[in-house]
Amino acid sequence: MAEIMTPQITTPKSEGDINECAINWVLYLYSGHATKAGKQEHSDWLNQTQDHVNAYVRAEQWWRDMGYVEGDDLEQLDIDGASENLTALHAQGLQSERVGVDFGGRVRFFTGIAATLVFAVVAGLLYFSGISTQSQYSTAIAEVKVITLEDGSSVTLGGSTTIVASFSDDKRYVELAKGRAYFDVTSDPERPFTVQAGATGVRVVGTAFDVHKAVLATQVSVVKGIVNVAVVPDGAWEAEDVTPVELRAGDQVLAEHNNMLSDVRTFELYEVQGWRKGWLEYVDTRLSDVLEEVNRYRKNKITLSNEALGDIRLTMGMAADQTDNLLTGLEAGGLVRVERSGQAVRILPVINAENDM
Amino acid sequence: MTTQNNNEMTEIKLSEALPVTGSEEAVVELNKRRFIDSLYKQHWSGLCGWLRRRYGAGPPDPEDVAQEAFEKIAAMDNVGDIRNPRAFLYTVAARSALMGVRWLVQARKHVDEELKKQGDKVEEITPERIYMERERFNSVLKEMAGLSNKQREIVIRSRIQGQTYDEICAETGWSPAVISRNLKAAMLALYRAEDAHKGAVNDDNKQTKGKD
């Protein structure tokens with residue numbers, strides 16, 4: 001376990017934006033490492049002008065009000081679970097981030113080329129968390145949330161969705177680990193924006209598009225601008241056999257996991273925009289993929305008794321908080337039986353089909 | 001008295017107390033007790049669990065902290081104004097739990113004394129303020145929800161659990177520079193939301209003025 005270095009927490013400099021200065025003072029005083037001398041410096045700073053006092057009161061008031069909590073809403077973030085990722089990486093044989101990095105900082109790694117690069121650059125740097133800043137965003141079941149990335153791009157996350165954003169000086173990379181997200185990307189020709197969902201890569205310059213990482217396929221739909229979509233298992237766009245397909249506004253493509261891209265089809269906006277407002281819409285979509293999304297909006301997950309049922313194609317829409325309509329629709333159509341026991345919901349073949357042996 | 005029960009909130013309006021024979025104060029007292037009882041039934045175990053997870057088994061004992069929170073709320077005057085009793089309860093409990101952290105108590109004391117010297121002060125989170133400034137507190141919840149997992153974790157550790165940078169670093173590996181940068185980003189998000197809201201209000205005022 002790395003030794004904790006005594007942090008060199010210093011008092012804020014007086015120059016610069018007064019609000020930032022006041023915030024820096026609040027953070028200094030509540031770092032747990034404020035000294036008597038530092039507190040005196042704070043007192044002197046307050047004495048200098050009324051502007052300092054006003055700015056400080058604003059900052060302190062926000063700091064105190066930030067303690068307004070909802071309790072269980074904060075449960076989504078499992079602080080203890082945060083270390084699971086590192087354990088998994090260790091299992092893959094990657095070096096501990098503490099090797100060669102003596103400041104006790106923690107760096108997360110991707111597998112493959114990116115990992116070596118980050119490690120090589122970080123070693124020898126002090127008090128630095130790495131060249132690329134990495135942020136993870138997650139939503140709870142049935143939660144739809146809009147977040148803003150550090151480059152100003154906005155991402156709408158669907159229920160039970162996780163993205164990990166990693167930005168550096170020359171690229172913007174987002175992994176769609178789970179779920180569905182709508183990206184509205186700010187234009188930055190110096191830094192291509194890449195989304196990786198499983199083996200599917202989406203590369204853009206600046207545009208708006210929807211990526212849905214479902215079970216059997218990842219679906220990419222372009223609302224504005226131009227994107228390139230390719231099957232890139234390791235995120236390696238430079239590899240020889242990678243043949244990107246260019247999509248423009250109104251184009252949609254399915255990337256079957258680890259396979260080829262489907263033909264490009266056109267889609268209607270309502271097909272991909274509904275979920276952002278709590279409406280789930282499907283056009284000729286396979287049941288497995290429908291269930292993958294619907295289950296991200298339900299506590300009682302729906303399962304299939306056999307995989308073949310997953311190929312049933314559906315065209316329907318439903319409210320995200322009324323997904324039981326899916327079940328009634330399926331039963332009414334005579335396609336399946338629905339079995340409920342306790343909280344579990346299972347879809348089974350209709351009895352006649354089974355007896356026809 | 002109207003009682004509206006959904007999962008999260010029980011909203012009881014003291015001002016709509018039924019006219020009864022007997023003093024008005026007695027009626028208000030009775031409603032208040034019913035409110036506290038109902039709050040207790042709904043949230044006692046959830047709160048204890050939350051305190052135990054966030055602050056450990058103590059000292060102070062999570063049940064003691066929870067008890068103190070209920071007592072504090074019971075002692076308040078405008079308890080009926082609380083729109084989101086659960087959020088307020090948790091906030092009061094979190095503040096109680098932090099009273100045992102010595103460096104934190106001293107930091108607050110320093111700030112309060114310094115501001116008093118300057119003829120100024122900061123307000124505590126009270127039911128009245130939460131109601132009068134509900135946009136502001138909704139902003140806090142909204143901005144917290146928009147933070148990245150890492151930022152939220154850092155805010156929880158520093159502001160809600162009262163950990164020092166050293167303690168956060170020991171448990172997460174993040175350096176003090178990273179910690180303060182992320183806390184600052186969270187604060188600036190609140191500032192931006194406030195400025196944006198003020199801008200919108202000013203535009204509304206301008207429009208109304210134009211109609212005179």
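Which residues is B:Leu47 in contact with, leaving aside its neighbours within four places in sequence? I started there and got B:Ala66, B:Phe70, B:Leu89, B:Tyr90 and B:Ala93, where contact means heavy atoms within 4.5 Å.

**Ground rules.** I am working on a predicted model, so local features need pLDDT of at least 70 and side-chain atom pairs count only at pLDDT 80 or more, while totals for chains, interfaces and linings use all residues. Residues are numbered from 1 along each chain as its sequence is written, chains are lettered from A and ligands numbered from 1 in the order in which they are written, and side-chain values use heavy atoms, with hydrogens and water left out.

**Cores.** I looked up the largest nonpolar core next, and B:Leu47 turned up again: along with A:Tyr30 and A:Tyr56, B:Leu47 touches the most other members of that 70-residue set. For the record, a nonpolar core is a set of buried Ala, Val, Leu, Ile, Met, Phe, Trp, Tyr and Cys residues joined through side-chain atoms within 4.5 Å. Buried is under 20% relative accessible area, exposed is over 50%, and partly exposed is in between, with a 1.4 Å probe and protein chains only. Helix H3 of chain B (residues 85-98) gives this core its largest share, 9 residues. My helices (H or I, at least four residues) and strands (E, at least two) are DSSP runs, numbered from the N terminus. Apart from this core I found another, of 27 residues, including A:Tyr182, A:Ile312, A:Ala320 and A:Val345.

**B:Trp44.** I then went to B:Trp44, which sits in helix H1 of chain B (residues 24-55). Not counting residues up to four places away in sequence, B:Trp44 touches B:Leu39, B:Glu63, B:Ala66, B:Gln67 and B:Phe70. I also checked B:Trp44 against B:Leu89: they are 45 residues apart along the chain, and their C-alpha atoms are separated by 9.9 Å.

**Chain totals.** I counted 9 helices and 18 strands in chain A, and 9 helices and 2 strands in chain B. Chain B reads β-β-α-α-α-α-α-α-α-α-α along the sequence. Of the 357 residues in chain A, 47% count as buried; for the 212 residues of chain B the figure is 45%. Among chain A contacts between residues at least 6 apart in sequence, 49% join residues at least 24 apart. In chain B, residues 24 or more positions apart account for 57% of the contacts with a separation of 6 or more. Chain A exposes about 17400 Å², 50% of it from carbon and sulfur atoms. Chain B exposes about 11200 Å², and carbon and sulfur supply 50% of that. These areas come from the Shrake-Rupley method with a 1.4 Å probe; for residues, only the protein chains shown count as cover.

**A covered helix.** How many residues of helix H7 (residues 149-160) of chain B are buried? I got 12 of 12, and the list includes B:Lys150, B:Arg152, B:Glu153, B:Arg157 and B:Arg159. After H7(B) comes B:Gly162, with a positive phi near 70°.

**Helix pairs.** My axes are lines fitted to C-alpha atoms, for helices over the stretch in contact, and angles run from 0 to 180 degrees between N-to-C directions. A:Gln61, A:Trp62 and A:Asp65 make the contact from H3(A), with B:Arg136, B:Phe137 and B:Val140 from H6(B).

Within chain A, H1(A) (residues 18-29) and H2(A) (residues 36-48) pack at about 150°, axes 11 Å apart, and are therefore roughly antiparallel. A:Cys21, A:Ala22, A:Trp25, A:Tyr28 and A:Leu29 in H1(A) meet A:Gly38, A:Lys39, A:Glu41, A:His42 and A:Trp45 in H2(A).

**Positive phi.** I noted A:Ser160, a residue other than glycine with phi near 45°. A:Ser160 lies in the loop between strands E3 (154-157) and E4 (162-167) of chain A and is buried at 8% relative accessible area. A:Asp284 is not a glycine either, yet has a positive phi of about 50°. A:Asp284 is in strand E14 (residues 279-286) of chain A and is partly exposed, at 45% relative accessibility.

Technical notes: Angles under 35 degrees count as roughly parallel, over 145 as roughly antiparallel, 65 to 115 as roughly perpendicular and the rest as oblique.
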